[in-house]
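Biologist: I'd like to learn how to read strand pairing and charged pairs in a model. Could you walk me through one?

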Amino acid sequence: MKYWGYAVIVAIIVFAAWYLSQWIGYAMRRRQNRAWPQAPATIEAGTIAQISRGVGVSIPAVFFNYRYTANEKSYTGLFLVSGGSNMQLKTVKDRFTRKTINVRYDPATPSVSIIDPLSADDLVGFKPSQNPFWLRQ
């Protein structure tokens with residue numbers, strides 16, 4: 001019975017290491033992207049959904065997908081805007097659908113892209129995110 005405690009501790013450590021490795025990879029891509037090539041991207045659509053912020057806690061968000069061209073091939077990417085009410089997010093969704101934004105893509109792996117900063121006026125005070133933990137939801 002006492003070995004269950006060890007198993008739980010090992011499971012927690014493994015999960016924390018995995019979580020930290022995912023976060024560090026995301027942070028490194030954000031830092032490296034400043035030297036990546038830039039390309040225009042068109043936001044194709046937005047979907048309003050809920051994202052989890054913990055056990056039993058969720059907030060509304062708009063998931064946007066965009067399309068860009070790199071090395072004569074077409075790629076897609078995602079970002080989200082979260083918080084506020086569904087009506088506020090609908091306004092953001094309407095402003096961004098079919099809009100052109102700039103993205104930076106990894107020249108070694110063009111399918112990996114990061115959006116350039118977006119106008120605060122269009123976002124109505126919200127901040128976009130490409131956090132992989134939220135995008136997977």
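Predicted model: local features only at pLDDT ≥ 70, side-chain atom pairs only at ≥ 80, totals over all residues.

Biologist: Fine by me. Which strands pair with β2, and in what sense?

Modeller: β1 (residues 38–52) runs antiparallel to β2 (residues 58–70), and 11 bridges join them. On β2's pairing with β3 (residues 73–82), you'll find 10 bridges, again in the antiparallel sense.

Biologist: Now the charges. What's the general idea, and how many salt bridges does the whole structure have?

Modeller: Side chains of opposite charge can pair when their charged atoms come close. A search of the whole structure finds three salt bridges. Start with glutamate 44 and arginine 67, whose closest N and O atoms are 2.7 Å apart. That pair links distant parts of the chain, with glutamate 44 in strand β1 and arginine 67 in strand β2, 23 residues apart.

Biologist: Is arginine 67 buried, exposed or partly exposed?

Modeller: Arginine 67 is partly exposed, at a relative accessible area of 36%. Glutamate 44 also counts as partly exposed, at 22%.

Biologist: Where do aspartate 94 and lysine 90 lie?

Modeller: Both are in helix α2 (residues 86–96), four residues apart, which is about one turn of the helix. Aspartate 94 is partly exposed at 48% relative accessibility, and lysine 90 is partly exposed at 45%.

Biologist: That leaves aspartate 116. Which residue does its side chain meet?

Modeller: Arginine 104, at 3.3 Å from N to O. Aspartate 116 lies in the loop between β5 and α3 while arginine 104 is in strand β4, so the pair ties together parts 12 residues apart in sequence. Aspartate 116 counts as buried because its relative accessible area is 13%, under the 20% cut-off.

Biologist: Last one: which residues make the nonpolar surface patch?

Modeller: Phe15, Trp18 and Tyr19 make a patch of about 340 Å². Phenylalanine 15 belongs to helix α1 (residues 3–32), and at 51% relative accessible area phenylalanine 15 is exposed.

Notes: Residues numbered from 1 in each chain as written. Heavy atoms only, no water. Patch = residues over 30% accessible without salt bridge, like charges linked within 9 Å, V, L, I, M, F, W, Y side chains within 5 Å. Areas by Shrake-Rupley, 256 points an atom, 1.4 Å probe, with all protein chains shown as cover. Salt bridge = Lys/Arg side-chain N within 4 Å of Asp/Glu carboxyl O. Helix = DSSP H or I, 4+ residues; strand = E, 2+ residues; numbered from the N terminus. Buried < 20%, exposed > 50% of the residue type's maximum accessible area, 1.4 Å probe, protein only. Pairing = 2+ DSSP bridges.
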